[in-house]
Amino acid sequence: MTQFAQVVISGILVGGIYALISMGLNLILGVVRIINFAHGEFLMIAMYISFLLYSTWGLDPYVSAPIVALALFVFGWLVHRVIIQPILDTSATVKIFATLGLSITLQNFALMMWNADYRTVQTAYQTTVIRMGEVAVSVPRLIAFLVAVLISLGLFLFLKYTLTGKAIRAVAMEKRAAALAGIPVKRIYLLAFGIGSGLVGLAGSLLMPIYYVFPTVGTLFVLTAFVVVVLGGMGSMFGAFLGGLLIGLVEALAGVWISPGLKEAVYFAIFILVLLFRPSGLFSLGKGSEEVGLK
Amino acid sequence: MKRWLSFLLTGLIALTTACSGSPAAGGGGEKEVLQIGALYPLTGSSALLGDESYRGAELAVKLRNQNGGVAGGKTVELVKTDAPDANAAQAEADRLITQKGVKLILGSYSSSISFAASEVTERNGVLYWELGAVSDQVTERGYKYVIRTNPPASHFSKIEIDYIKDVVAEKLGKNPSDLRIGIVHEDSLYGTTVAEFVKKYAEEANLKLATIQPYNLKSVDLSSVVLNVKEAKPDVLIGVSYLNDAILFWRQAKELGLDVPVFIGTGGGHTMSDFQKALGKDVDGILNVDFPQYEINKEYTPGLDDFVKLYKDTYGEEPRSGHSLANFMGTNVLLDVIDQVGDIDPDKLREAAMNYKLEPGKSATGWGIQFDEKGQNKLGQPYVHQWIDGKLVVVWPKGAALKDVTLPMPKWSERQ
């Protein structure tokens with residue numbers, strides 16, 4: 001029984017990490033309707049910035065998190081302005097190649113700058129756990145999870161109640177009508193891409209005490225993030241959050257009940273079922289969102 | 001028209017051959033340059049150890065050229081080539097042979113790269129000199145032009161089981177047949193190969209297998225692996241991991257309170273200095289079977305200190321793992337053989353290699369050299385190391401050992 005409780009808690013915590021990474025991707029996918037293949041590399045860049053702030057000035061990753069988020073916001077803004085904006089009206093293939101190219105470029109840029117070495121930060125709380133009887137809860141993972149909860153809540157409120165948030169939603173739903181209503185679509189795109197990147201910046205900072213950074217670290221997370229986004233429903237923040245938790249949980253349980261080697265197979269099987277029966281995702285915004293990024 | 005074209009082509013081919021051979025034919029004062037292809041993954045996910053391996057070969061060549069070159073003053077030049085995956089390895093090997101005209105390729109750190117590239121070299125009658133890839137199949141295919149200086153994966157598993165039988169059982173005060181063995185391994189070729197051999201040798205030695213836990217290398221959560229091992233309560237846990245999963249496993253083992261009396265890693269991540277940097281003091285006590293590292297009985301490994309000094313002078317840092325050392329040792333053997341033959345001729349080189357003998361304890365790794373029919377070196381073996389005060393120290397076999405092993409590992413609750 002304690003083992004079961006431990007598995008569930010570990011699964012939910014790692015789900016929080018998936019959710020954290022997926023929310024930025026989801027915003028970009030849902031609003032700008034671009035499949036950003038470089039999302040994992042954005043995470044990698046964020047982790048490197050966090051690491052450099054730590055190694056140069058001794059800034060704790062949690063302390064530097066807002067700086068990293070801001071840096072990534074600016075980075076995302078620039079990427080959108082320089083690379084994405086000019087190709088927005090082209091075919092899906094062009095967009096895919098552009099972001100895929102960006103992903104490869106960033107990986108090799110990192111390799112050139114920082115070698116292939118694995119960089120880690122050393123903090124006092126790194127492997128601290130809270131013990132509840134036999135069940136252990138890792139503190140950095142718990143923090144990442146709580147932040148994921150706060151962000152999904154914050155984003156939800158932002159999108160629901162602020163004027164900018166409403167404009168973002170309007171653009172996501174129907175960009176032509178939004179433009180007719182006087183919403184500056186281009187600026188909203190920039191903003192959404194910036195916020196999406198900023199979120200992944202935050203995710204990178206929170207991951208730094210748990211994981212390590214190297215040039216291809218993004219590839220470990222990005223596939224799962226895409227699955228989470230599609231599973232949860234594109235454009236839905238709660239969808240991304242719950243999708244993340246679901247995959248984390250499925251992975252952990254499959255790892256114990258079936259085999260750790262097969263846990264990915266199990267969640268991909270579930271993913272295929274969802275695609276078959278509910279192609280627009282579990283919490284989708286409606287029909288047609290399954291073709292996001294391809295039209 | 002056709003004839004004219006064929007003339008032109010013949011001319012072109014003649015010209016290219018002349019060009020590639022021109023240093024030899026060229027000016028009398030010029031030193032002759034012997035080119036060797038060097039195939040390693042220098043970008044992509046294996047970049048770190050690929051680069052580390054390449055450095056070993058590079059330093060061996062550098063040292064030899066400084067000391068007057070081979071075969072009466074010929075200079076050796078490595079054609080550094082990046083092969084991040086099997087496809088690239090094949091393409092690049094092809095390019096090295098057809099465009100650069102090399103007759104000898106060394107490499108390659110990764111078994112999948114070695115497989116792919118040696119297919120191409122075998123077909124073209126080019127010698128493939130393997131210095132670091134461990135899959136048994138590299139030499140087991142019985143290819144004529146493949147020679148390997150490092151020990152294969154099965155030796156790692158063999159040493160692990162021998163060590164458990166001969167040393168660990170006594171240290172834990174148990175009969176070998178009462179010991180419960182667990183395996184955690186990543187499920188790519190490397191992990192599954194080693195795990196299969198561990199299983200085989202453990203059964204032969206009558207050791208009990210308590211649990212086998214495979215997992216995906218790209219996993220970002222190993223809590224289920226840790227919890228399954230915790231349930232199985234093995235006395236000895238054998239791990240086969242790359243770096244990211246090794247770090248993750250140990251962090252989660254600590255978080256989830258997994259205590260094992262003895263842990264034996266199988267090279268890979270458990271060897272790396274980045275592993276120690278990431279985990280700090282928590283690495284102490286972990287055993288690791290791998291190529292020789294640097295904390296070793298120096299009398300058994302002549303030339304090791306010079307290598308480390310040269311490494312630091314050249315790259316401005318300590319060696320990042322023993323991969324460079326193993327590549328250095330193997331490249332030295334190759335250069336000796338070239339020195340004897342006097343030129344790069346695959347058939348002659350192979351023959352000379354077959355007659356090349358070196359006793360254990362006479363090289364920078366302590367390995368001896370004696371190649372079998374399949375081109376596999378019989379006298380190289382991995383050593384058992386233990387992390388002691390943040391350093392990976394050789395503890396077995398006796399000749400190479402620098403310190404005594406301390407077992408069992410302290411429990412997490414007893415550590416500071």
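The structure is a predicted model, in which local features need pLDDT of at least 70 and side-chain atom pairs count only at pLDDT 80 or more, whereas totals for chains, interfaces and linings use all residues. Residues are numbered from 1 along each chain as its sequence is written, and chains are lettered from A and ligands numbered from 1 in the order in which they are written.

Strand S11 of chain B spans residues 383-388; strands (E, at least two residues) and helices (H or I, at least four) are DSSP runs numbered from the N terminus. Because 5 of its 6 residues are buried, S11(B) is largely enclosed by the rest of the structure. A residue is termed buried if 20 or more other C-beta atoms lie within 10 Å of its own, exposed if 12 or fewer, and partly exposed in between, with C-beta atoms placed from the backbone.

Strands are taken to pair if DSSP finds at least two bridges between them. S11(B) runs antiparallel to strand S10 of chain B (residues 287-290), to which 4 bridges join it, and B:Val384 of S11(B) faces B:Val289. An antiparallel pairing over 5 bridges also links S11(B) to strand S12 of chain B (residues 391-396), where B:Val393 lies opposite B:Gln386. The hairpin of S11(B) and S12(B) has 2 residues between the strands, and B:Asp389 adopts a positive phi near 50° there.

Chain B is assigned domain 1 (31-151 + 302-354) and domain 2 (154-290 + 383-414), the bounds coming from an automatic or database domain assignment. Their C-alpha centres are 30 Å apart.
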